[in-house]
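Please read them with the coordinates open.

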Amino acid sequence: MAKSSWRYGLSKSTKQILKSIALMILGMGLIVLLSAHPGMANTPKIFPEIRGVWVTTNDTDIVRDHVKLQEAVNQLARLNFNTIYPVVWNSGYVFYPSRVAQEGGFQPFIRKGLQGQDILADLINLSHQKGLLVIPWFEFGFMTSPSSELALNHPQWLTSRQDGIQTWEGAAGEVVWLNPFHPEVQKLITNLVLEVMTQYQGDGIQFDDHLSLPIEFGYDPYTVKLYQQQTNSLPPKDPKDPAWVRWRANKITEFVEKLNKTVKAKNPKAIFSVAPNPYHTAYNSHLQDWVSWVKKNLVDELIVQIYRPDLPSFVRELVKPEIQEARGKIPTGAGILTGLRNRPIGMQQIQAKIQAARQNGLGFSFFFYESLWDEAPEPANERQAKFKSLFYYPASRAFLR
């Protein structure tokens with residue numbers, strides 16, 4: 001007997017889209033239900049899925065050209081992305097016209113677009129026209145280049161290891177660290193944040209794993225004296241001493257609390273976003289106690305950088321209790337590496353990680369823009385089609401503005 005029902009004429013992709021729409025409607029219904037019944041407060045909150053991308057220094061050729069930037073923003077909007085994190089602070093330099101940098105004497109040049117435009121203002125304007133959030137990203141945090149004017153002009157702002165060495169080798173090469181406990185350093189970071197919030201209509205600010213300090217640092221004269229004043233003892237010789245670790249981590253948390261209050265005083269709706277490493281690395285290696293930040297309500301959005309090369313290790317991080325607890329309070333996502341210039345990543349692996357994150361109630365942000373499809377092993381149109389199939393319905397966050 002022939003199957004005459006309309007259902008059997010639907011393609012697999014159409015059924016998938018209808019299923020997704022149904023799930024989205026169900027989610028919206030749950031939001032209404034939960035808001036109508038305060039007694040259900042223990043139920044995890046439901047947030048629009050984060051679909052973000054970091055725009056890094058590797059993307060400079062794109063963001064400096066208005067035409068290329070417009071094409072990039074339009075493409076992200078067509079593929080249902082919803083958030084852009086453009087770098088505004090890297091290696092001790094800013095990527096926008098900055099009075100703080102000029103008056104501080106640590107940036108003798110002004111970055112502008114090829115057409116003479118303010119790059120950040122152009123990006124925000126184009127993105128908002130398409131309903132995308134823009135959250136300026138202070139990538140280097142307390143980290144800077146040893147050859148920067150900032151480091152050379154303010155050596156007293158740098159911290160050191162026990163042997164007095166100030167340099168540190170990381171993914172960015174050789175760097176030095178501004179002392180996160182020094183009031184002048186805290187003032188500089190705060191002033192840069194306020195400047196970005198004042199000059200631009202962005203949707204918040206973001207810091208990452210560099211709003212921290214490597215565990216072996218903190219033996220500079222200023223910090224040693226501060227520790228003595230507060231504990232009546234010298235810092236332990238073992239940089240991993242639990243009490244010494246906790247004291248330094250608490251000091252960074254105190255600064256985050258002050259910075260959060262400053263941001264909210266300027267704009268209560270601003271999104272205070274952080275993108276740290278997984279907690280066991282963040283705290284034990286970099287004194288970054290982001291779990292406390294979430295518990296203290298200092299964070300409005302959390303994206304954990306889970307740059308694991310294989311799916312099993314990626315999933316092991318997704319299910320950690322601190323991440324699952326955070327997603328019940330605030331929008332939470334996984335940072336997914338989509339490729340590096342010397343290490344392209346295939347779309348199949350990226351798809352698997354997106355699906356795993358989604359199954360665990362998480363959104364995602366991708367590092368970095370050009371590796372989404374321009375610097376990739378597959379053709380750009382093929383990669384874009386795959387992203388479109390994964391993001392087949394919009395997940396607008398524009399109402400947060």
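1. One aromatic cluster is formed by Phe81, Phe364, Phe366, Tyr369, Trp373, Phe387 and Phe391, where rings of Phe, Tyr and Trp (its six-membered ring) pair if their centres lie within 6.5 Å. This is a predicted model, in which local features need pLDDT of at least 70 and side-chain atom pairs count only at pLDDT 80 or more, while totals for chains, interfaces and linings use all residues. Residues are numbered from 1 along each chain as its sequence is written, and side-chain values use heavy atoms, with hydrogens and water left out.

2. By the ring rule the count comes to 31 aromatic pairs. Tyrosine 227 and tryptophan 244 form an edge-to-face pair, 4.9 Å centre to centre with 75° between the planes (under 30 degrees counts as stacked, over 60 as edge-to-face and the rest as tilted). This pair links distant parts of the chain, helix H8 (residues 221-231) and helix H9 (residues 242-266), its members being 17 residues apart. Both tyrosine 227 and tryptophan 244 are buried (under 20% relative accessible area, 1.4 Å probe, protein chains only).

3. Phenylalanine 387 and phenylalanine 391 form a tilted pair, 6.1 Å centre to centre with 45° between the planes. Phenylalanine 387 is buried, with a relative accessible area of 0%, and phenylalanine 391 is likewise buried at 0%.

4. Helix H12 (residues 311-318) and helix H14 (residues 347-359) pack at an angle of about 20°, with their axes 10 Å apart, which makes H12 roughly parallel to H14 (angles under 35 degrees). The contact (heavy atoms within 4.5 Å) is made by Leu311, Phe314, Val315 and Leu318 of H12 and Ala352, Lys353, Ala356 and Ala357 of H14.

Conventions: Axes fitted to C-alpha atoms, helices over the stretch in contact; angles between N-to-C directions. Helix = DSSP H or I, 4+ residues; strand = E, 2+ residues; numbered from the N terminus. Parallel < 35°, antiparallel > 145°, perpendicular 65-115°, else oblique. Buried < 20%, exposed > 50% of the residue type's maximum accessible area, 1.4 Å probe, protein only.
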